[in-house]
Amino acid sequence: MADLKSTFLKVYSVLKSELLQDPAFEFTDASRQWVERMLDYNVPGGKLNRGLSVIDSYRLLKEGKELTEDEIFLASVLGWCIEWLQAYFLVLDDIMDNSVTRRGQPCWFRVPKVGMIAVNDGVLLRNHIPRMLKNHFKGKPYYVDLLDLFNEVEFQTASGQMIDLITTIEGEKDLSKYALSLHRRIVQYKTAYYSFYLPVACALVMAGEDLEKHTAVKDILVQMGVYFQVQDDYLDCFGDPETIGKVGTDIEDFKCSWLVVRALELCNEDQKKLLHEAYGKPDPENVAKVKAIYKDLDLQGVFAEYESQSYAKLNASIEAQPSKAIQAVLKSFLGKIYKRQK
């Protein structure tokens, strides 16, 4: 895996230098330095799970056949396109949420002299994706399918972000809007398509598969994305900050979290009144009140049951897939997230 990661990071350097010499724009030294610093700050700093899983998935689809250097390179390019997409979303998300840190460093717009230039940097990151696809896939029979795929997933993600944002408009905080159906919609569009479906879809397209014939695979991966986000919501409140690398703030931020949605379903009238009063307030006393209700309702037990049921259901859906190679891809994804602690 470490070996795969270092190969993957080498491809980042190749892609970066191509973008910094793009013939469509005459760079000055200052503009080239700006873009290089912006890329290094925002693109390769995460866990790279989404990008690496394109290569993993493609390898599994090839059923143990040794991949050529060219295949590894092209799968890596698609992986990096997803990491670029992620960077673009995060740079702009952080501005919208007025966040302070990301991946253990100040958000890009908080860096001295960056500020709102970060908005245009986000636009640039998004525009790098079709440049990379053109450079490396233009001659391929599936080139248009890749463009369509990235465009569609970007649209779904931006639309999911919109539902999330309009649900938490300041001054219109209303817990009674929060339901499992809304939680699912936000998660499906904002997270599941680009984080779970897109890496596998890239591998399928590269392997010559028609995505239209794999809607069941898409459904399973979206389900997995929802399960992943429920784990995230759970860990935000009950996880160990040392392990997950951040202190959860979903309660303070009035997030449409799975925990608050389930609490609203399970609580009595007194608890409901308390939740309405305390949820979304930044002070520790109110946060503690919400957490006390979660404990009283045994949401840890409710989550444990949800986790085992989701796992069983996902496994059954995967086993029903006719292709053993596709089963292997899906099982590899599920194995990485089941009972995770971070």
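The protein exposes about 16900 Å² of surface, and carbon and sulfur atoms supply 53% of that area. What you are looking at is a predicted model, so please read every value below as computed from it.

**Overall build**

Let us start with the whole chain. The protein is built from 14 helices and two strands. Along the principal axes, its C-alpha atoms fill a box of roughly 65 × 55 × 30 Å. The radius of gyration is 21 Å, which agrees with the value near 20 Å that a compact globule of 342 residues would have. Buried residues account for 50% of the 342 residues. The contacts tell you about the fold too: among those between residues at least 6 apart in sequence, 76% join residues at least 24 apart.

**A residue in a loop**

You will find Gly64 in the loop between helix 3 (49–61) and helix 4 (69–96). Gly64 and Ala325 lie 261 residues apart along the chain, yet 9.5 Å separates their C-alpha atoms. Is Gly64 buried or exposed? Its relative accessibility is 70%, so Gly64 counts as exposed, the cut-off being over 50%.

**A nonpolar patch**

Met96, Met162, Leu165, Ile166 and Ile169 together make a nonpolar surface patch of about 420 Å². Which helix gives the most to this patch? The answer is helix 6, spanning residues 143–167, with three residues. Met162, one of the patch members, has its place in helix 6. With 45% relative accessibility, Met162 counts as partly exposed, because this value falls between the 20% and 50% cut-offs.

**Cysteines**

How many disulfides does the model contain? The count comes to zero. A disulfide would need the two sulfur atoms to be within 2.5 Å. Cys237 is also buried, with a relative accessible area of 12%. Cys107 counts as buried as well, at 1% relative accessibility.

**Accessibility side by side**

| Residue | Relative accessibility | Class |
|---|---|---|
| Cys107 | 1% | buried |
| Cys237 | 12% | buried |
| Met162 | 45% | partly exposed |
| Gly64 | 70% | exposed |

How values were computed
Residues are numbered from 1 along each chain as its sequence is written. This is a predicted model: local features need pLDDT of at least 70, side-chain atom pairs count only at pLDDT 80 or more; totals for chains, interfaces and linings use all residues. Side-chain values use heavy atoms; hydrogens and water are left out. Buried means under 20% relative accessible area, exposed over 50%, partly exposed in between (1.4 Å probe, protein chains only). Patches are made of residues with over 30% relative accessible area and no salt bridge: like charges are joined within 9 Å, nonpolar side chains (Val, Leu, Ile, Met, Phe, Trp, Tyr) within 5 Å. Accessible areas come from the Shrake-Rupley method with a 1.4 Å probe; for residues, only the protein chains shown count as cover. A salt bridge is a side-chain nitrogen of Lys or Arg within 4 Å of a carboxyl oxygen of Asp or Glu. Helices (H or I, at least four residues) and strands (E, at least two) are DSSP runs, numbered from the N terminus. The radius of gyration is taken over C-alpha atoms; the globule rule is 2.2 Å times the number of residues to the power 0.38. Contact means heavy atoms within 4.5 Å.
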